[in-house]
Amino acid sequence: MTDRSAILARLARLTAAEADRRHLADRLCEASRVILAADGAWITVQDTGPQHLPLSTTDETASALEDLQDVVGEGPCRDAFRAGTPVTAVIGDKSDRRWPEFSRAAWHRVGRLTVHAFPVRPGRQTFGVLSIYLRPDTAWVESPEVAQFLADTVGAALLRDPVPKLEREPTGGMWSARAEVHQATGMVIAQLRIPPDDALALLRAHAYAHDTTLVAIAHQVVTRQLDFRGES
């Protein structure tokens with residue numbers, strides 16, 4: 001079973017590192033690579049059309065793999081986005097009939113490795129993909145369930161709708177709810193020493209991961225039931 005609390009606590013600690021020097025997407029991407037014990041990772045977002053945007057890559061190999069898919073118009077990440085399900089590709093000296101051009105070009109560009117692509121789908125609609133690659137001497141130590149949970153949680157952190165209009169506390173009303181979210185954001189800033197946008201993103205990711213509301217998570221922080229330096 002996926003230990004959501006442990007993953008969230010580790011994601012928060014890793015994302016807080018270098019908060020003053022690196023963009024949130026870069027830190028989430030690197031944190032995902034570390035948590036999944038991968039050699040490299042990258043995050044892309046896409047709409048229903050053919051255009052997609054790489055948000056972050058951890059290294060040149062990840063950048064090359066994404067660039068090749070963009071150039072040839074095929075690959076595991078594109079299929080993961082279209083199908084909304086994880087896709088695995090083994091890059092070797094034999095062409096993969098699912099993506100003949102990509103697999104051939106990837107073999108010549110980056111050599112033998114395995115790509116795992118996980119759709120980013122914190123809601124009902126997939127809006128991106130979290131991908132990792134593993135060299136032949138790197139063992140896959142995490143389960144696909146952990147990777148998919150992490151992809152969805154990272155997606156929730158990257159969304160830009162911090163307080164849904166219908167989200168309110170039973171007794172305090174919308175203004176009270178917003179005030180508590182604001183207070184909780186400030187507390188997370190102090191706990192992890194990160195910028196306000198990053199603190200709010202982590203609150204949002206935490207709410208998604210525990211299948212609850214942002215207001216509920218904010219209340220736990222304000223009442224000190226939850227501390228992002230180490231989940232209670």
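A disulfide is a pair of cysteine sulfur atoms within 2.5 Å. By this criterion the structure, which is a predicted model, holds zero disulfides.

The chain averages a pLDDT of 85, and 88% of the residues score at least 70. Over residues 161-175, however, the pLDDT is below 50. Beyond near neighbours in sequence, this stretch has 21 contacts in the model. Where pLDDT is low, the predicted coordinates should not be read in detail.

The chain has nine helices and five strands. Along the sequence these elements follow the pattern α-α-β-β-α-α-β-α-β-β-α-α-α-α. Of the 232 residues in the chain, 50% are buried. Among contacts between residues at least 6 apart in sequence, 60% join residues at least 24 apart.

Strand β3 covers residues 87-91, and five bridges join it to strand β4, residues 113-120, in an antiparallel arrangement. In β3, Val87, Ala89 and Ile91 form a covered face, whereas Thr88 and Val90 form an uncovered one. Strand β4 is mostly covered, with seven of its eight residues buried.

Helix α5 spans residues 100-110, and its buried residues are Phe102, Ser103, Ala105, Ala106 and Val110. These buried residues pack against the helices α3 (60-72) and α4 (76-83) and against the strands β3 and β4. The helix is followed by Gly111, whose phi is positive, near 85 degrees.

Leu150 is found in helix α6, residues 144-158. Leu150 counts as buried because its relative accessibility is 1%, and the cut-off for a buried residue is under 20%. Apart from residues up to four places away in sequence, Leu150 touches Ile7, Leu11, Ser32, Ile35 and Leu36. The C-alpha atoms of Leu150 and Ala31 are 9.9 Å apart in space, although the two residues are 119 residues apart in sequence.

Ser32, one of the residues touched by Leu150, lies in helix α2, residues 24-35. Its relative accessible area is 0%, so Ser32 is buried. A polar atom of the Ser32 side chain lies 2.8 Å from the backbone oxygen of Leu28.

Helix α9 comprises residues 214-222, of which Leu214, Val215, Ile217, Ala218, Val221 and Val222 are buried. Seen down the axis of α9, these buried residues fall within an arc of 160 degrees, so they line one face of the helix. An α-helix has 3.6 residues a turn, so residues three or four places apart point the same way.

Arg224 lies in the segment after α9 and has a positive phi of about 65 degrees although it is not a glycine. Arg224 counts as exposed because its relative accessibility is 70%, and the cut-off for an exposed residue is over 50%. Arg193 is placed in the loop between α7 (173-192) and α8 (196-209). The phi of Arg193 is near 55 degrees, again a positive value in a residue other than glycine. With a relative accessibility of 74%, Arg193 counts as exposed.

Note on methods. Residues are numbered from 1 along each chain as its sequence is written. This is a predicted model: local features need pLDDT of at least 70, side-chain atom pairs count only at pLDDT 80 or more; totals for chains, interfaces and linings use all residues. Side-chain values use heavy atoms; hydrogens and water are left out. Buried means under 20% relative accessible area, exposed over 50%, partly exposed in between (1.4 Å probe, protein chains only). Helices (H or I, at least four residues) and strands (E, at least two) are DSSP runs, numbered from the N terminus. The arc is that of the directions from the helix axis to the C-beta atoms. Two strands pair if DSSP finds at least two bridges between them. Contact means heavy atoms within 4.5 Å. A polar contact is a pair of N or O atoms within 3.5 Å; within protein, one must be able to donate a hydrogen and the other to accept it, and residues adjacent in sequence count only if both atoms are side-chain atoms. pLDDT is the predictor's confidence in each residue, from 0 to 100.
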